[in-house]
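Welcome, and thank you for taking a look at this protein with us.

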Amino acid sequence: MAARLFRVDTRRLTLRECWYQTRSPKVVILWILKLLRIRLPVPPTPYIETLRDFAVDREALPAAAAARLDPLVAELEGLGYHSPRYYRYASSRALTEIYGVDLAQRHGESIGRVMHVISRQVHPATEKTRVFVLSLLDSGLWLVTSPLRIELEPVPGVEVIRLRDASPTRLVEAHVAALEQRRSAEMPVLAGTPEEAEALCDRYERHCFDHNIRRGLAVPLSGSEATAEEQAVTASERARDQVGAEHAEVLVEIERLQNPKTSLKTALWLLGGSLLAFVVLGGAQWEWEVVLFLIPILLFHEAGHWVAMRVFGYRNLRMFFIPLFGAAVSGQNFNVPGWKKALVSLAGPVPGVVVGTLLSFVALAVDQPWLERLALLTVVLNAINLLPFVPLDGGW
């Protein structure tokens, strides 16, 4: 049975979770995207009803994955874990691929889990292998000992002991100690057989995934999204046959960029949402007169870029405001001559300077101070944009 696919709605990440994902100044980018309600393109991932659906034989593992998993499995077996069961699941198009091993403990009080994760969303691909220890207490609380730092807000009903980059032996020792401390009040649910351990892992996977569904972070694909994903998978398989697995996703991404399917509704939501954010944040920092003057100036300026890009065949055009900074137009084109790029850059500030100058003459003729200020601001902003410094238009 085919697994249900869910996409990750990154807009549902909290501000703190955005920081957890980056832990660097790059977090500002995630915060802005969240503010503008822009979802990052994360490949859909399957819902795990039971790990049995993803079971594989040890002999079927790729040599590289087996080389990462085997030493950690052997160390856990030396600590009293047994009967390893292997499985493999992946996001759509295998952009993220996970090989896992679950081992029961001879006392049945915990489960050892080894996860080998391959991420092909970056080049070169990254690989990480980690060990986790898992127990379910009779109070209904899940106790997990992990070598990873926190990445998402805690899942209700799950307590995580974090020991950064600890060895399997250290993780097991810490987990056993935590169980001993609780033994007078809570007892672990025993899972001594491989079947019981697998069933417990299934419950844990569903517990965490269902929480993300309820909070809106994981969203089932709609009919149209599922169809688009099937087409993307087909394109990926075709590209893999043409250029090999290593470069397949690069070819698919080039095809996607060259043949984008734009949505007018999405473009209008982006423009309207970013404009609202610009007005709200700008009004809090500047005088309202300045904000009201900037909006038509920026719209006229970016409209010049938009028209030029449209004339020269740019695709997937999007106009949006950048709060407290300005506005921009994005679009794609390939093999564009330098003179066309220059005209696209000039199409914003040059008409702005011309119109601002004409407005200044009109303002003097009708003797309207507010029109004089608007004309002056129009000329100054567009003239500054002509200075030969990147990221100003004159710099390009």
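Valine 27 is buried, with a relative accessible area of 4%; buried means under 20% relative accessible area, exposed over 50%, and partly exposed in between, using a 1.4 Å probe and protein chains only. This is a predicted model, in which local features need pLDDT of at least 70 and side-chain atom pairs count only at pLDDT 80 or more, while totals for chains, interfaces and linings use all residues. Residues are numbered from 1 along each chain as its sequence is written, and side-chain values use heavy atoms, with hydrogens and water left out.

Valine 27 is part of helix α2; helices (H or I, at least four residues) and strands (E, at least two) are DSSP runs, numbered from the N terminus. Setting aside residues up to four places away in sequence, valine 27 touches Cys18, Trp19 and Thr22, where contact means heavy atoms within 4.5 Å. Its C-alpha atom is separated by 9.5 Å from that of arginine 16, which is 11 residues apart from it along the chain.

Which residues of helix α1 are buried? In this helix, spanning residues 15–22, they are Glu17, Cys18 and Tyr20. They lie on the same side of α1 because they cover an arc of only 160° around the axis, the arc being that of the directions from the helix axis to the C-beta atoms. These buried residues of α1 pack against α2, which covers 27–35.

After α1 comes arginine 23, whose phi is positive, near 50°. For context, most residues other than glycine have a negative phi.

## A cavity

How many cavities of 30 Å³ or more turn up in a search of the whole structure? The search finds one. On a 1 Å grid over the protein atoms alone, a cavity is a set of points where a 1.4 Å probe fits but cannot get out, a pocket is an open set with protein on both sides within 12 Å along at least five of seven lines, and lining residues have an atom within 4 Å of a point. Grid points are joined across faces, edges and corners, and a volume is the space filled by probe spheres set on the points.

The largest cavity has a volume of about 30 Å³. Its lining is made of Thr10, Cys18, Leu30, Leu33, Lys34, Ile38 and Leu40. Helix α2 gives the largest share of that lining, three residues. By type, the lining has five nonpolar residues, one polar and one charged; Ala, Val, Leu, Ile, Met, Phe, Trp, Tyr, Cys and Pro count as nonpolar, Asp, Glu, Lys and Arg as charged, and the others, Gly among them, as polar.

## The second largest pocket

The second largest pocket holds about 890 Å³ of space. It is lined by 34 residues, of which Glu302, His305, Ala327, Pro391 and Asp393 are the closest to its centre. Two or more lining residues come from each of α9 (288–311), β12 (326–332), α10 (338–346) and α12 (369–385). The lining divides into 20 nonpolar, 11 polar and three charged residues.

Serine 119 sits in strand β6, residues 111–119, and counts as buried at 18% relative accessibility. Beyond residues up to four places away in sequence, serine 119 touches Leu95, Thr96, Ala125 and Thr126.

Threonine 169 belongs to helix α4, residues 168–182, and is partly exposed, with a relative accessible area of 27%. Apart from neighbours within four places in sequence, threonine 169 is in contact with Glu75 and Leu79. The C-alpha atoms of threonine 169 and glycine 78 are separated by 9.3 Å, with the two residues 91 apart along the chain.

## Two aspartates with positive phi

Aspartate 165 has a positive phi of about 55° although it is not a glycine. This aspartate 165 lies in the loop between β9 (158–162) and α4, and is exposed, with a relative accessible area of 51%.

Aspartate 367 also has a positive phi of about 55° without being a glycine. Its place is in the loop between α11 (349–366) and α12, where aspartate 367 is exposed, with a relative accessible area of 56%.

## The whole protein

The protein has 12 helices and 12 strands, and buried residues make up 40% of its 396 residues. Among contacts between residues at least 6 apart in sequence, 59% join residues at least 24 apart.
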